[in-house]
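Hi,

Here is the structure I promised to pass on.

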Amino acid sequence: MLNPTEIKSIIAAGEGYNAEFKVSIPSKIKEITEEVCAFANASGGIVLIGVDDANTIKGITIDNGKRSAIQNSINEISPTLKCEFYIVDVEGLNVAVIEVPSGQNKPYILSGAIFVRQGPNSQKLTSVEEMRDFFQQAGKIYFDDASCLDATIEKDIAKENIDTFRFEAGLVNVTSDEQLFSNLKLITNDGYVKNGTVLFFGNNPEQFFEKAVIRCIAFEGIDKRYIIDDKLMTGTLYQQYQKSMIWLKSKLDVRYDIEGEGGKPRKELWEIPETAFKETIINSLAHRDYYDKGARITIEVFDDRVEISNPGGLISAVPRNEFGKRSASRNPLIFGLFERMRLVEQIGSGITRIRDVMNDEGLTPPEFNIDGMFTVTLRRPFDFKKWVNKWVNNLSEKQILILTAIHHNTKIKKTELQQLVDFSATALDNNIEILKKEGLLEREGTKGGIWIIHYSNPKVGE
């Protein structure tokens with residue numbers, strides 16, 4: 001049973017992977033039960049009723065009828081789940097507490113569905129594929145939630161890494177490190193450090209997870225024949241992110257806006273928006289398949305593009321036609337920690353943000369390969385008109401129009417191209433074939449696929 005001090009520390013830390021606040025009892029009691037079920041299918045958590053989203057205690061009055069309704073609703077979870085449900089007086093206001101353990105008999109089902117915790121939110125899984133992917137077919141538990149049997153807090157967790165997290169998450173001096181680890185469920189029920197805890201706070205995480213690092217490679221040209229730099233970014237996941245961003249900055253063109261207002265620091269303007277790299281790298285660290293011990297996250301810089309790849313394709317809980325609209329995390333504990341550091345926002349919004357910042361800068365739309373390795377390709381800026389001029393003697397005006405339209409929209413449909421160039425379907429196909437034979441154009445996929453322009457075609461200049 002939590003005491004008032006412990007409850008206040010949980011409230012100060014805010015909602016997250018292991019904490020959910022309700023300012024009052026919802027009209028549909030089942031909304032509370034869904035949160036309970038989601039916590040049981042993850043690493044457990046605390047539901048506080050009488051606390052608002054601004055982390056302010058408002059208090060709650062629960063009569064016997066409402067108390068029985070909540071308890072009866074929790075009893076509908078199958079298999080049976082035992083939760084502690086009680087009232088605590090916190091500074092003169094009543095807060096209802098539901099302590100949910102990490103269930104030992106996962107999956108827990110409510111009304112025919114599985115609810116799971118994804119970062120600071122709960123998600124409903126209904127299909128067999130979603131359920132199979134969620135439990136990873138490995139002990140019915142996420143990799144980051146499993147025990148790291150060889151690690152201990154005393155010798156393998158670094159105090160400075162905890163302090164860095166506290167600072168970035170705005171949790172400085174909120175509570176003790178021990179209480180923080182308890183609140184965030186960073187230790188298993190039987191006292192072991194979790195894999196995600198070691199990856200986030202360890203003084204040498206690669207000692208336990210050799211491939212859980214980022215390899216950064218720079219190539220000369222547009223293929224992989226000549227390596228000009230190759231570095232391995234180690235340390236905690238946050239340190240890997242920081243090191244990778246510094247490395248990328250050294251390889252790309254970065255200019256400065258020196259006309260800042262007042263005494264504000266000058267603004268860095270990356271040739272590819274810094275936000276696109278931040279979103280891609282953090283998502284790679286949060287969503288990679290850590291069960292795949294044979295592959296690393298890789299960042300590859302070419303003359304014409306940057307490719308960032310991580311093990312594990314699109315998680316099956318997300319249908320292909322909803323890619324970029326919704327998301328599910330393979331590592332909800334890690335995602336939740338990044339979320340507390342304000343490095344990720346609403347789950348599922350990262351893909352949209354990458355597309356938006358590339359579009360805002362007038363750059364080629366990002367390309368996503370979601371099979372096997374998850375790869376994001378960000379095209380570096382170049383002078384499209386100058387590139388086209390190299391072909392002006394070889395290509396017709398309408399062929400140039402076709403390439404220009406595809407350059408601005410790699411998903412453009414043939415019907416749109418027909419209207420643009422005023423070609424019949426046959427004439428359009430013939431001209432596309434010419435561009436393909438010239439090595440300039442390629443089609444990846446059929447329905448729902450994309451066009452690929454080979455900007456650094458070797459025939460240029462012949």
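Strands here are DSSP runs of E, at least two residues, and helices are runs of H or I, at least four residues, numbered from the N terminus; two strands pair if DSSP finds at least two bridges between them.

Before you read on: this is a predicted model, where local features need pLDDT of at least 70 and side-chain atom pairs 80 or more, while totals for chains, interfaces and linings use all residues. Numbering starts from 1 along each chain as its sequence is written, and side-chain values use heavy atoms, without hydrogens or water.

**Asparagine 331**

This residue sits in the loop between strand 13 (305-310) and helix 11 (332-340). Asparagine 331 is buried, with a relative accessible area of 1% (buried means under 20%, with a 1.4 Å probe and protein chains only). Its side chain makes polar contacts (N or O pairs within 3.5 Å, one able to donate a hydrogen and the other to accept it; sequence neighbours count only if both atoms are side-chain atoms) with two backbone oxygens: that of alanine 286 at 2.9 Å and that of arginine 288 at 2.9 Å.

**The whole chain**

The protein chain has 16 helices and 17 strands, and 52% of its 462 residues are buried.

Best wishes

Methods: Buried < 20%, exposed > 50% of the residue type's maximum accessible area, 1.4 Å probe, protein only.
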